[in-house]
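Good morning, and thank you for making time for this item. Please bring up the sequence and the structure, and I shall take you through them.

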There are 2 protein chains.
Amino acid sequence: MVTAATTRVPQEERSRAMRARLLEATVELLVERGFAGTSTTLVSERAGVSRGAQLHHFPTKNDLVVAAVEHLTAVRGAELEAAAAALPSGGGTRAVLTLLGDHFTSPVFTAALELWVAARTDPALMEAVAPLEQKVGREVHRLTVELLGADESVPGVRELVQATLDLVRGLGLANTITDDRRRRERILDRWAQVIDLTLDAAPGPLSDPTDARATPATPATSRETTR
Amino acid sequence: MVTAATTRVPQEERSRAMRARLLEATVELLVERGFAGTSTTLVSERAGVSRGAQLHHFPTKNDLVVAAVEHLTAVRGAELEAAAAALPSGGGTRAVLTLLGDHFTSPVFTAALELWVAARTDPALMEAVAPLEQKVGREVHRLTVELLGADESVPGVRELVQATLDLVRGLGLANTITDDRRRRERILDRWAQVIDLTLDAAPGPLSDPTDARATPATPATSRETTR
DNA sequence: TAACAAACAGTCAACCCTGTCTTTTTCTTG
DNA sequence: CAAGAAAAAGACAGGGTTGACTGTTTGTTA
């Protein structure tokens, strides 16, 4: 917008930092206290921001939370990309599963979980969460396919990848109640075997050529139920 | 204990019914409004019970919720057993997955989800939820093994069953945000194939679970692929 | 530098929720 | 039938949360 002066944005700078602190604090509190326990008062205290300033940036709690959701999706995406980049290329199925398993048991997942559950009974929140969740979902899917080197034009492969993601989501959920890493590891060990076995051993079982959905992209969920 | 009179427990009867209504209302509200939205006031209104009576039966909100958790686990168990009983014996892998998929997308699952998530940041609630959840978990596992006719003494089979349950849990979670039945069905179709393929085609390594995929695997086609 | 707008600070009222307390009803029992 | 206990009813206080509101500082612009 406005740009072109000597002393560049000293205030806008502070504002930005304030916003960031507020969003960070929100996410932290989501993890520590859950959605219901994340009061705006707590957030402002945690962020070291006055209540007035908070209300200036985010007039309503919904505004704050929605912004936090956006912030969180960005963080999630970045984390995943980073982890993927750090992965030895072609490092094997198990390594990919480790990556996914770690992501879905990380604090950001926990925070996201709180938002999902809250959104279920909060239309305004759902409106913000749903599309962003789809976006992350697509991204994770794409990344997984890429890392696994899977060929989705082969019937059944796409579903296998989706199943993998739903599996780690389930593991992530279970993890919030009882943190049993060993169990998780064993399951992922086994699952890696199954994937490897299935991916190159049994591409298309049982004549089911009804439609080979080799569609390049139409992943995850489609919210708009045509009606 | 006390038994042997003419007028059989008329009041105790009413009390019992009241308790039941309160618990039912609680579960309903968990589904409709989420945990945070389930205030004791709402519950008493919904149940048609005066606030005083409610407080008489459940002095604290925690008492109410804990009782609701117990109630819910009982309901879950019963529902599962009933569904299993209604299942054509030896009805095939896919039918079992349908059963599981249905359970993990039902209202009782939704209610349980609310409790899990709330319990994560509420020690008192966690204390009640954790053991009961384990119980249900074990029960579902046992049931699944039984219905699938799986032999858990074979290495890898147990993990596959666990993976199946975590998968449906993940699908259930996804379902609360976006209800996409078709997607679910396709994934479960595929999963059934994988299970069948894996269970009798690749029992696992002889003597070493860490290295399973080297096994030649006898092409036993004994398993019924119903359809 | 003066005037104006945006950012920031902090108080306050309205609201809801929980759990205590007192009162009334209903059942049981001697 | 009377007395006492359990159950049910409803008012109320205390605590916490949200967002509106007023005042203050900081930055921009003429």
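A word of caution to begin with: what you see is a predicted model.

Let me start with chain A. It contains nine helices and zero strands, so the order of elements from the N terminus is simply α-α-α-α-α-α-α-α-α. Chain A has 227 residues, of which 48% count as buried. If we take the contacts in chain A between residues at least 6 apart in sequence, 68% of them join residues at least 24 apart.

I turn now to the interface. The size of an interface is often given as the accessible area lost when the parts come together. For chain A and chain B that figure is about 4400 Å², with 65% of it on carbon and sulfur atoms. Three residues, R120(A), I177(A) and R190(A), account for 16% of the area that chain A buries against chain B, more than any other three residues. In residue terms, 49 residues of chain A and 47 residues of chain B take part in the contact.

What of the polar side of this interface? Twelve residue pairs are in polar contact across it, counting pairs with both residues at pLDDT 80 or more. Which helices of chain A each supply at least two residues to the side that touches chain B? They are α1 (10-37), α6 (107-120), α7 (123-148), α8 (157-177) and α9 (181-201). Of the elements of chain A, α8(A) gives the most to that side, with 14 residues. Sorted by class, the side of chain A that touches chain B comprises 24 nonpolar, eleven polar and 14 charged residues.

Salt bridges deserve a separate mention. There are six between chain A and chain B. One salt bridge joins the side chains of R183(B) and D166(A), at 2.9 Å from N to O.

Next, the core. In soluble globular proteins, nonpolar side chains tend to be buried together. Here the largest nonpolar core has 101 residues. Those with the most contacts inside it are W116(A), L125(A) and W191(A), together with W116(B), L125(B) and W191(B). Let us look at W191(A) in particular. Setting aside neighbours within four places in sequence, W191(A) is in contact with L97(A), L160(A), T164(A) and L167(A), and also with W191(B) and V194(B) of chain B.

I shall close with two residues, one from each chain. Is L72(A) buried or exposed? L72(A) counts as buried, because its relative accessibility is 4%, and the cut-off for buried is under 20%. Not counting residues up to four places away in sequence, L72(A) touches V27(A), V108(A), A111(A), A112(A) and L115(A). The C-alpha atoms of L72(A) and F109(A) are separated by 9.2 Å, although these residues are 37 apart along the chain.

Which side chains does the side chain of R94(B) join in polar contacts? One partner is T98(B), at 2.8 Å, and another is D189(B), at 2.6 Å. Beyond four places in sequence, R94(B) is in contact with E185(B), L188(B), D189(B) and A192(B).

Thank you for your attention.

Note on methods. Residues numbered from 1 in each chain as written. Chains lettered and ligands numbered in written order. Predicted model: local features only at pLDDT ≥ 70, side-chain atom pairs only at ≥ 80, totals over all residues. Heavy atoms only, no water. Core = buried A, V, L, I, M, F, W, Y, C linked by side-chain atoms within 4.5 Å. Buried < 20%, exposed > 50% of the residue type's maximum accessible area, 1.4 Å probe, protein only. Contact = heavy atoms within 4.5 Å. Buried area = accessible area lost by both parts, 1.4 Å probe. Salt bridge = Lys/Arg side-chain N within 4 Å of Asp/Glu carboxyl O. Polar contact = N/O pair within 3.5 Å; in protein donor to acceptor, adjacent residues only side chain to side chain. Helix = DSSP H or I, 4+ residues; strand = E, 2+ residues; numbered from the N terminus. Nonpolar A, V, L, I, M, F, W, Y, C, P; charged D, E, K, R; others polar.
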